[in-house]
Amino acid sequence: MKKIITSHKGRKCKQFRCKQILSIYNHEAYCHLHSSHISQDQRSAAAIKRD
Ligand SMILES: [Zn+2]
(Lines give C-alpha, C1' and ligand atoms only; values in the text may rest on other atoms or scores of the structure.)
Protein backbone atom coordinates (compact mmCIF):
# COMPACT_ATOMS: atom_id res chain seq x y z
CA MET A 1 0.00 0.00 0.00
CA LYS A 2 1.28 3.42 -0.95
CA LYS A 3 1.18 6.09 1.67
CA ILE A 4 -0.24 9.24 0.14
CA ILE A 5 0.10 12.45 2.07
CA THR A 6 -3.08 14.46 1.93
CA SER A 7 -4.11 17.77 3.37
CA HIS A 8 -7.24 18.48 5.36
CA LYS A 9 -10.52 18.04 3.60
CA GLY A 10 -12.58 21.05 2.64
CA ARG A 11 -9.85 23.68 2.85
CA LYS A 12 -10.59 26.87 1.00
CA CYS A 13 -8.29 29.01 -1.08
CA LYS A 14 -6.84 31.79 1.04
CA GLN A 15 -7.29 34.34 -1.69
CA PHE A 16 -9.78 36.98 -0.58
CA ARG A 17 -13.26 36.17 -1.82
CA CYS A 18 -12.17 32.95 -3.49
CA LYS A 19 -14.44 30.11 -2.51
CA GLN A 20 -12.51 27.44 -4.30
CA ILE A 21 -12.29 24.29 -2.21
CA LEU A 22 -8.79 22.90 -2.35
CA SER A 23 -8.14 19.31 -3.18
CA ILE A 24 -6.73 17.16 -0.39
CA TYR A 25 -3.86 16.52 -2.76
CA ASN A 26 -3.18 20.22 -3.14
CA HIS A 27 -0.94 21.27 -0.27
CA GLU A 28 -0.84 24.90 -1.31
CA ALA A 29 -2.77 27.52 0.61
CA TYR A 30 -4.28 28.73 -2.65
CA CYS A 31 -6.13 27.14 -5.50
CA HIS A 32 -4.38 26.51 -8.79
CA LEU A 33 -5.82 29.71 -10.15
CA HIS A 34 -4.36 31.89 -7.43
CA SER A 35 -1.12 30.14 -6.52
CA SER A 36 0.64 31.88 -9.42
CA HIS A 37 -1.13 35.17 -8.73
CA ILE A 38 0.05 35.24 -5.15
CA SER A 39 3.74 34.89 -5.90
CA GLN A 40 3.41 37.92 -8.17
CA ASP A 41 1.55 39.88 -5.50
CA GLN A 42 4.14 39.07 -2.89
CA ARG A 43 6.88 40.18 -5.25
CA SER A 44 5.27 43.56 -5.84
CA ALA A 45 4.40 43.88 -2.16
CA ALA A 46 8.03 43.32 -1.26
CA ALA A 47 9.07 45.96 -3.79
CA ILE A 48 6.71 48.50 -2.30
CA LYS A 49 7.79 48.64 1.29
CA ARG A 50 5.47 50.71 3.38
CA ASP A 51 6.00 51.71 6.95
ZN1 LIG B 1 -8.33 30.85 -5.35
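1. Helices here are DSSP runs of H or I with at least four residues, strands are E runs of at least two, and both are numbered from the N terminus. By that rule, S23 sits in the segment before α1. Residues are numbered from 1 along each chain as its sequence is written. Please keep in mind that this is a predicted model, in which local features need pLDDT of at least 70, side-chain atom pairs count only at pLDDT 80 or more, and totals for chains, interfaces and linings use all residues.

2. Overall, the chain has one helix and zero strands. Of its 51 residues, 6% count as buried (20 or more other C-beta atoms within 10 Å of the residue's own, with C-beta atoms placed from the backbone; exposed is 12 or fewer, partly exposed in between).

3. A backbone point for you: R17 is not a glycine, yet its phi is positive, at about 75°. Most residues other than glycine have a negative phi. R17 lies in the segment before α1, the helix spanning 32-47. R17 counts as exposed because 5 other C-beta atoms lie within 10 Å.

4. Back to S23, which is partly exposed because it has 14 C-beta neighbours inside 10 Å. S23 and T6 are 17 residues apart in sequence, and their C-alpha atoms are 8.7 Å apart in space.

5. I5 also belongs to the segment before α1. I5 has 7 C-beta neighbours inside 10 Å, so it counts as exposed.
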